[in-house]
Amino acid sequence: MAREGIDLSTVDAVRALEAGKYTAGFTTDIEQEFAPKGLSEDTVRFISAKKDEPQWMLDWRLEAFRRWQTMEEPSWAMVRYPPIDYQDATYYAAPKNAAKYKSLDEVDPEILETYKKLGIPLREQETLLGVAGAPRIAVDAVFDSVSVLTTFKKELAQAGVIFCSISEAVREHPDLVKKYLGSVVPTTDNFFATLNSAVFSDGSFVYVPQGVRCPMELSTYFRMNAQGSGQFERTLIIVDKGGHVSYLEGCTAPMREENQLHAAVVELVALEDAEIKYSTVQNWWPGDVDGKGGVYNFVTKRGDCRGARSRISWTQVETGSAITWKYPSCILRGDDSSGEFYSIAITNGRQQADTGSKMIHLGRNTKSRIISKGISAGRAQNTYRGLVSIHGKAANARNFTQCDSLLIGDKCGAHTIPYVEARNVSAKLEHEATTTKLSEDQLFYMRQRGIPEEEAVALLVNGFVREVLQQLPMEFAVEAQKLVAVSLEGSVG
Amino acid sequence: MLSVSDLHVSVGAAEILKGLTLSVPAGEVHAIMGPNGAGKSTLSYALTGREGYEATQGAVTLEGRDLLAMTPEERAAAGLFLSFQYPLEIPGVPTMTFLKAALNAQAKARGEPELGATEILKRVRARAGELRISAEMLKRPLNVGFSGGEKKRMEILQMMVLEPRFAILDETDSGLDIDALRIVADGVNALRAPDRAMLVITHYQRLLDYIRPDKVHVLVSGRIVDTGGPELALRLEKEGYDKYLAAA
Ligand SMILES: Nc1ncnc2c1ncn2[C@@H]1O[C@H](COP(=O)(O)OP(=O)(O)OP(=O)(O)O)[C@@H](O)[C@H]1O
Ligand SMILES: [Mg+2]
């Protein structure tokens, strides 16, 4: 019954929404401060100085920057875009006086209004989307290049949990940052990760100490507002032995005619028996129907199951961005550790997505599971690209991979590219893949029963993605479901 | 109740219905018989508004309302139901969820209050019981992997739950085993009412033993070429359509 309840609430949500509207597309008009346009060592120094960073952090950035200058942009992904002029962007944008507001009263009212419009609770007594009875969620609000506010810090500190912006962590918790930053995604990892290491702006830092279950959901909302600026999110989550955390991130951006770059790095570290559940609802501006504008979302997300029996689970709902290039991965280093990846990737209009997961099995008895649901409509291209790699010492490794594609209309494309490497004969790998075409005949059948077309699409799509939506925390699932419906509006007929 | 006059329907470049006239008053059940390719399914699609079935001439009204001006979902809300000759599979949508969505969409379109979830559940379970459809089957995605006969039974279940004013059954008897045929016929008979009418398309006289039609029409080459009582079906079974085809 509960499941059916979700279906019907989606249908209502679809009804309530205006056709083809990207509701997060507004701009916030506030005074902002920018780095000079362009990218050089000076830019890196500027950002570091703005953030009051210690010398070691600046050195780390500069080393990455020098490295980046020798690297080439990757071209293997199934995405097409004109060359990016890295000198024609701004690498730091922040609301004036943003030296982190100490309390809600200091935050610029325009910014408060922005988060309110997006349904994100910045007052500790508020709940997500104003839903009565929804559990409380601690929020780190990142506006362009800076974190403007983090809620529930005191309550979390009482439990021993550190939840703050990465900028603050660099200053306040240097030992933890030095120990773990770049330990999962090295600065040399790939073109975009190296760029991020040089110019990363803000993101969240989480440390959950040994044996602690984080008492509430943690979340970060990324908002790209300033014109012509890139956003370089950097997030680091460490869960010590036996600890547990569930973390959510949400992303939106205004409608802009030019493309904006979002190159993020997220690193997760799970020590012995620790568990990290990381969920993303990505709804960056996808560009208009003709493919003008939209965010380039080039993201490196990786989790390290460093300790025995640790668990990392990635859940993503990717509906926005003009281009998505993203492969949340797990390194299953600890014996008996497990990694999961649940994904819904929706492309409509001219959107392109090349996304999937890598599961690297190093330890014994490691398990991984990949469930990918790709939906393609309009003239969009959707590619699942995955790697399951079983190393020589990974005895009894298991993987289950399922990749399902749903095509709406006949001008879009879906591609599945699963790579497998097995160097241990005891490995058990299963792979299933399906492609379904949503046909005019099916829609007519449903309309003959009285179900209007948009609602029919929503029902079919919901059925298709249900398995993944169920992985999201409840209040997020409802929001994600609305998003799924909205992002497919106008995809038929 | 349903009135079709001089209906011409083209599919692509081909004209399939060529001036079809038919009238089914409230309270009656009519049968349509005719050779393969005569245009029976075309008629059912034209009445329900399937895209690509273009009415180039003629008129269709249901209780005085102009059907041809309405979208498929509006026609459904007006009480028109089609049991498909080839029911579609609806992946990922459990039958129960599907029926709930259909009932509520129709109620909403008619400006009626939506039914509660428990009420719907009760209604569907009761009808499913009559049709010997298991509770397990209601949880499965509609028609996905169902046998031909099971799909036909699902069509009848949907009809019984939606309680349409006018139902078209396009070869619902094909593919049914002997017991299922009787169960389906019982279902259809149970729906007979003074304010409801039905059009039953079939190739076999056998169904008409169970569902006694008020009239039988012969559809050949896009037109109704003969109309009679139930005895006409018996005669067609013996003589076939040669006589009509020769004349056409
Ligand atoms: N898309 C189409 N393009 C051209 N001709 C079509 C198309 N669809 C159907 N037809 C033709 O229209 C005619 C009528 O088809 P229809 O399905 O209505 O027949 P029917 O009377 O239902 O036959 P059966 O008893 O086999 O179900 C057939 O000759 C068929 O080939
Ligand atoms: Mg037919």
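F152(A) is buried in this predicted model, at 3% relative accessibility; buried stands for under 20% relative accessible area, exposed for over 50% and partly exposed for values in between, with a 1.4 Å probe and protein chains only. The residue lies in the loop between β4 (146–150) and α5 (153–158) of chain A; helices (H or I, at least four residues) and strands (E, at least two) are DSSP runs numbered from the N terminus. Phi of F152(A) is near 60°, a positive value in a residue other than glycine. A positive phi is also found at E163(B), where the angle is near 45°. E163(B) is placed in the loop between α6 (148–162) and β7 (166–170) of chain B, and with a relative accessible area of 36% this residue is partly exposed. Most residues other than glycine have a negative phi.

The model is predicted, with local features requiring pLDDT of at least 70 and side-chain atom pairs pLDDT 80 or more, while totals for chains, interfaces and linings use all residues; side-chain values use heavy atoms, without hydrogens and water. Residues are numbered from 1 along each chain as its sequence is written, and chains are lettered from A and ligands numbered from 1 in the order in which they are written.

Two side-chain pairs in chain A form polar contacts, defined as pairs of N or O atoms within 3.5 Å; within protein, one atom must be able to donate a hydrogen and the other to accept it, and residues adjacent in sequence count only if both atoms are side-chain atoms. E168(A), in helix α6 (residues 166–172) of chain A, is buried at 17% relative accessibility. Its side chain contacts that of K153(A) at 2.8 Å. T300(A), in strand β12 (residues 294–305) of chain A, is likewise buried, at 6% relative accessibility. The side chain of T300(A) is joined to that of N190(A) by a polar contact of 3.0 Å.

An oxygen atom of ligand 1 is 2.9 Å from an N or O atom in the side chain of H203(B), and for the side chain of E171(B) the corresponding distance is 3.3 Å. A polar backbone atom of G39(B) is 3.0 Å from an oxygen atom of the ligand. The protein buries 59% of the 640 Å² that ligand 1 exposes when taken alone, with areas from the Shrake-Rupley method and a 1.4 Å probe.

The structure holds 6 cavities of 30 Å³ or more; on a 1 Å grid over the protein atoms alone, a cavity is a set of points where a 1.4 Å probe fits but cannot get out, and lining residues have an atom within 4 Å of a point. S372(A), G374(A), N382(A), T383(A) and Y384(A) are the closest to its centre among 17 lining residues. The lining comprises 5 nonpolar, 10 polar and 2 charged residues.

Methods
On a 1 Å grid over the protein atoms alone, a cavity is a set of points where a 1.4 Å probe fits but cannot get out, and a pocket is an open set with protein on both sides within 12 Å along at least five of seven lines; lining residues have an atom within 4 Å of a point. Grid points are joined across faces, edges and corners, and a volume is the space filled by probe spheres set on the points. Ala, Val, Leu, Ile, Met, Phe, Trp, Tyr, Cys and Pro count as nonpolar, Asp, Glu, Lys and Arg as charged, and the others, Gly among them, as polar.
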